[in-house]
Amino acid sequence: MDNFLFPDSFAWGASTAAYQVEGGWNADGKGLSIWDTFTHQGGDRVFKNQTGDIACSSYTLWEEDLKCIKQLGLTHYRFSLSWSRLLPDGTTGFINQKGIDYYNKMIDSLLENNVIPVVTLYHFDMPQAIEDQGGWKSYETVEIFEQYSQFCFETFGDRVKLWITINEPCMVAKHGYEDGLFAPGVKEPGVGVYVSAHNMLKAHARAWHNYNILFRNKQKGLVSIALNSDWAEPFYQDSDTHKEATERYLAFELNWFANPIFVDGDYPAIMKSEIAKKSKNQGLKASRLPKFTEDEKAMMKGTADFFCLNYYTTRKIKPYIRKVEKVSYKADMSAEGIKDPEWPESGVEWLAVVPWGLRKLLKYVKDSFGNPVIYITENGFAQNYSAPLEDKQRWLYFQETLMEILKAIKLDGVDLKGYFVWSLLDNFEWASGYSVRFGLFHVDFENTNLPRTPYFSAIQYEQVVKRNGLANSVDSV
């Protein structure tokens, strides 16, 4: 590479999610979300029984968040809408004007400062009223989500041109309806995970078509879905069983959602065969993996205008074998991911720092899904709660990651258009509560004013955004 500059008009962003930053859990007519319910039930579901009741108080401190965005010089800002703040019971039967006012204020002030809003419709926070009717396990939610998405397109689409329907459906299905680690806390191993995913895919496709038919010509926007995945490599590179396990791992993690949307409207063949085989062995007459009809496959295929990728870490894969096999998603996949002990860890146990894994994953997306336009909509490095503001080690990881991204663009021909740090602010990190910090800005949760202070990494990221590239002093590739 002859320089360390990114392509012209590269999108430099940061991301947040409504429940993780807004607070105001019952303010101004907002309805309950499943995370309100989940955290209020206690029982150590979340670190120290913490909640997002206040979080960063972005609902009342939006202007402070905007100062952070402006300080960084971001070109784009990704945030999510609280479905239950806009529609307290999840439906358009009752519309909360104060919720609309809040998001109008955000969108308008971003645009006034030449920052492009990237808006996620659903980031883990289902209205409790919809969950009470079955949530993502119910087909009715598909239709309700389509109505919600149409309401958002009608209300904000004159100014919002980049939409994401659902954030990380894989995580929603696995942790929400398989192991119960996330709201709504449902534990239905090997069943709920697939039913909820099936309905999320159909809800996404319906929302995309709704936009395509009713709004695209006038609003000129784009719609996608945010998919997360580790990069995966065989634990033993020369082992056929480890290679096969790696193929299954990627099929069950990423291709589960990417294949229906970007390839042929259906689940990966290896996923269908593995779950069908295990279902038969369990004495079931049909596979636990739902089937798409031919019409649904046609509806599903091609329902993304770009590829949103969330990446955090890499795993080495080996077969997952147990003498007594219980019904579960992991048993269906028959693969497990292991951290290499030589990889440095961030401030949270699961997040091993593997920058080169992102380059390989980007190349995999390019080769597997028709060389799509890609945005990295989340990537970050956690610190523990007592993290220093001088986070030089973390900035080194960011620097290495940005270099790998540059290699993917310049050497591998990946059509990457943007990069979003997770996250703009330290926030409520789901089951980890406030025990880990992903923010570019430190939030003092002990201070009732919740002041935002830039980390060293924020100051450095600001320079990257300003020059649209890395400094020439970066170590040679």
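Asp238, Asp240, Glu244 and Glu247 gather in a patch of negative charge on the surface of this predicted model, where a patch is made of residues with over 30% relative accessible area and no salt bridge, like charges being joined within 9 Å. In this scheme Asp and Glu count as negative and Lys and Arg as positive, while His and the chain ends are not counted, and the place of a charge is taken as CG of Asp, CD of Glu, NZ of Lys or CZ of Arg. The accessible areas come from the Shrake-Rupley method with a 1.4 Å probe, and for residues only the protein chains shown count as cover. Glutamate 247 is found in helix 11, residues 240-264; helices (H or I, at least four residues) and strands (E, at least two) are DSSP runs, numbered from the N terminus. Glutamate 247 counts as partly exposed because its relative accessibility is 48%, given that buried means under 20% relative accessible area, exposed over 50%, and partly exposed in between.

Because the model is predicted, local features need pLDDT of at least 70 and side-chain atom pairs count only at pLDDT 80 or more, whereas totals for chains, interfaces and linings use all residues. Residues are numbered from 1 along each chain as its sequence is written, and side-chain values use heavy atoms, with hydrogens and water left out.

Turning to the whole protein, there are 17 helices and 15 strands, and 62% of the 477 residues count as buried. The C-alpha atoms fill a box of roughly 60 × 60 × 50 Å, taken along the principal axes. A compact globule of 477 residues would have a radius of gyration near 23 Å, and the 21 Å of the protein agrees with this; the radius is taken over C-alpha atoms, and the globule rule is 2.2 Å times the number of residues to the power 0.38.

Side chains of opposite charge can pair when their charged atoms come close. The structure holds 31 salt bridges, each being a side-chain nitrogen of Lys or Arg within 4 Å of a carboxyl oxygen of Asp or Glu. In one of them, aspartate 108 meets arginine 159 at 2.9 Å, N to O. Aspartate 108 lies in helix 5 (residues 97-112) and arginine 159 in the loop between helix 7 (140-156) and strand 4 (162-167), so the pair ties together parts that are 51 residues apart in sequence. Aspartate 108 is partly exposed, with a relative accessible area of 30%, whereas arginine 159 is buried, at 19%.

Another salt bridge joins glutamate 146 and arginine 206, whose closest N and O atoms are 2.7 Å apart. Since glutamate 146 lies in helix 7 and arginine 206 in helix 9 (residues 192-214), this pair ties together parts that are 60 residues apart in sequence, and both glutamate 146 and arginine 206 are buried.

The backbone deserves attention as well. Most residues other than glycine have a negative phi, and most peptide bonds are trans. Asparagine 49, although not a glycine, has a positive phi of about 55 degrees; asparagine 49 lies in the loop between helix 2 and helix 3. Glutamate 168 likewise has a positive phi, of about 50 degrees, and is found in the loop between strand 4 and helix 8. The peptide bond from alanine 183 to proline 184 is cis, with omega near 10 degrees, and a cis peptide bond also joins tryptophan 422 and serine 423.

Technical notes: Patch = residues over 30% accessible without salt bridge, like charges linked within 9 Å, V, L, I, M, F, W, Y side chains within 5 Å. Buried < 20%, exposed > 50% of the residue type's maximum accessible area, 1.4 Å probe, protein only.
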